[in-house]
Amino acid sequence: MRAPRCLDNIDDLDIVEWIQAGDRVTWGQACSEPLSLTGALLDQRAAIGGCEVFIGLGAQATIRPEHTDWLEVLSYTGAGPNAALSRAGLLNVLPSHYSDYPRLITSGRLPVDVVLLQLAPADQFGRYSLSLGDEWLSAALESARTVIAEVNHQAPWTHSRTLTDSDLDVLVHTSHPPVEFVRRHPGEVERRIAENVRELVQDGATLQVGLGTLPDAILGALQEHRDLGIHSGAIGDSAVTLVEAGVITNARKSTDRGQIVTGALMGTRRLFTFAKHNPLLQIRDTRYTHDPERLAMQTRFTAINSAFEVDLTGQVNAEVASGHYVGAVGGSIDFLRGAARAPDGVPIVALQARAGDQPRIVASLSGPVSTPRADAAIVVTEFGVADLRGMNLRRRQTAMVALAHPDDREALERAIAASGPSPRLRSRQSGRAHVDRDNA
């Protein structure tokens with residue numbers, strides 16, 4: 001049984017001893033980031049001689065363009081602080097489904113050499129908790145050469161994966177508030193979309209909700225619902241509000257009944273306090289939170305995700321806006337497919353009809369297809385709801401035009417007309433031409 005090297009001061013950590021040139025290093029995203037360790041990595045990056053970091057969504061701009069002199073940056077997302085790296089051409093994007101990352105890591109296709117962790121202090125049994133997030137970290141721990149842990153005495157002990165001294169190579173004691181993930185308050189448009197989504201959510205549903213202002217608005221519109229459950233990639237403070245209001249009870253979940261299941265906590269101190277030693281909140285790795293079979297087992301599983309654009313056939317772009325990679329493939333398709341297959345499941349894509357003066361219901365996408373039209377969902381904007389499931393392409397076009405901003409509908413109608421007559425009309429025209437030739 002190995003014993004870690006224990007340090008009482010982050011300044012005593014010579015990170016060059018543990019990270020080699022060319023290594024790939026990863027750590028938890030958002031509130032799970034071990035700030036003292038990532039700070040030490042940045043300070044000593046030149047001495048390392050260059051390495052690659054695999055990162056997620058930051059709650060603060062830890063890695064900035066100037067740090068790429070010695071760091072290669074790889075991420076699944078260009079959102080948040082990563083947007084500055086993306087716009088500067090300094091972000092390498094890995095466009096895979098979120099459910100794939102653990103398998104990519106453990107298979108060696110995305111090998112991780114060093115894991116940096118933020119842990120909560122050990123309990124009476126000597127078990128450290130992963131505290132605010134797991135996601136791909138469990139997979140990385142199974143294959144990494146080196147594990148460096150920051151035991152943050154202000155990080156909450158949660159019901160997540162636990163580690164002991166024998167799992168660690170280096171242990172550094174710190175004490176600072178975990179970084180908080182703060183969102184802006186929803187505006188009038190977000191609230192109108194939330195009202196439309198609210199009508200699609202059944203009492204007793206199990207929810208997966210994405211991150212951002214719109215998802216927060218949607219949760220805020222569910223105050224009159226009863227016995228909702230949560231099984232989501234991440235949760236924020238809005239979930240605590242609904243628990244305290246008696247809306248979220250998890251009492252009717254098909255699996256993990258009575259418990260919230262999530263991969264990460266992305267919120268403020270209020271969320272962290274709620275999570276501390278709370279057995280009704282389980283933080284699991286991506287292999288559990290995004291497992292397609294598990295999702296399909298949840299009766300009334302309702303997946304609510306957002307997008308940059310949806311075209312008239314139901315294709316979704318959640319990755320590129322204004323020519324820059326500022327989104328992600330993420331877990332949207334994992335959850336949308338899970339909801340589509342679950343008994344009474346409800347797959348939802350919600351978005352504003354416009355971003356400023358730019359249409360978001362479009363004739364053709366300006367970026368990649370993140371979710372194909374074969375995985376058609378219920379699309380919601382402030383102007384209404386279109387359930388594309390079972391619709392042919394012509395009917396989808398009509399339904400999607402109605403969701404667009406009124407000032408954009410004429411252009412969309414022209415685009416439909418320019419695409420040619422419907423298959424039925426073409427068939428009739430072809431038939432008439434055949435008859436005319438026969439009678440000539």
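Reply: Let's begin with Arg300, which has a relative accessible area of 16% and therefore counts as buried. Buried here means under 20% relative accessible area, exposed means over 50%, and partly exposed is what lies in between, using a 1.4 Å probe and protein chains only. Please keep in mind that this is a predicted model, where local features need pLDDT of at least 70 and side-chain atom pairs count only at pLDDT 80 or more, while totals for chains, interfaces and linings use all residues. Residues are numbered from 1 along each chain as its sequence is written, and side-chain values use heavy atoms, with hydrogens and water left out.

Arg300 sits in the loop that links α11 (292–297) to β15 (301–306). Helices (H or I, at least four residues) and strands (E, at least two) are DSSP runs, numbered from the N terminus. The backbone of Arg300 deserves a look too: its phi is near 60 degrees, a positive value in a residue other than glycine. Most residues other than glycine have a negative phi. Glu135 is another non-glycine with a positive phi, of about 55 degrees. Glu135 lies in the loop between β7 (128–129) and α5 (137–143), and with a relative accessible area of 6% it is buried.

Two strands pair if DSSP finds at least two bridges between them. Strands of a sheet pair through backbone hydrogen bonds, either parallel or antiparallel.

β11 pairs with β12 in the parallel sense over two bridges, and Thr206 has Gly229 of β12 as its bridge partner. β12 (residues 229–232) also runs parallel to β13 (residues 260–262), again joined by two bridges. There, His231 is the bridge partner of Val261 in β13.

Helices come next. Helix α8 (residues 237–244) has Asp237, Ser238, Ala239, Val240 and Leu242 buried. These buried residues pack against α7 and α9 (269–275); contact means heavy atoms within 4.5 Å. Just after α8, Gly246 takes a positive phi of about 80 degrees.

Helix α7 (residues 213–220) leads us on to helix α6 (residues 188–198): their axes come within 8 Å and cross at roughly 50 degrees. Those axes are lines fitted to C-alpha atoms, for helices over the stretch in contact, and angles run from 0 to 180 degrees between N-to-C directions. The angle makes α6 oblique to α7. Angles under 35 degrees count as roughly parallel, over 145 as roughly antiparallel, 65 to 115 as roughly perpendicular and the rest as oblique.

Which residues of α6 and α7 meet? Glu190, Ile193, Ala194 and Val197 in α6 meet Thr213, Leu214, Ala217 and Ile218 in α7. By class, this contact has six nonpolar, one polar and one charged residues. Ala, Val, Leu, Ile, Met, Phe, Trp, Tyr, Cys and Pro count as nonpolar, Asp, Glu, Lys and Arg as charged, and the others, Gly among them, as polar.

For another helix pair, look at α13 (residues 393–403) and α14 (residues 406–418), whose axes come within 9 Å and cross at roughly 165 degrees. They are therefore roughly antiparallel to each other. Arg394, Gln397, Val401 and Ala402 of α13 make the contact with Arg409, Leu412, Glu413 and Ile416 of α14. That contact has four nonpolar, one polar and three charged residues.
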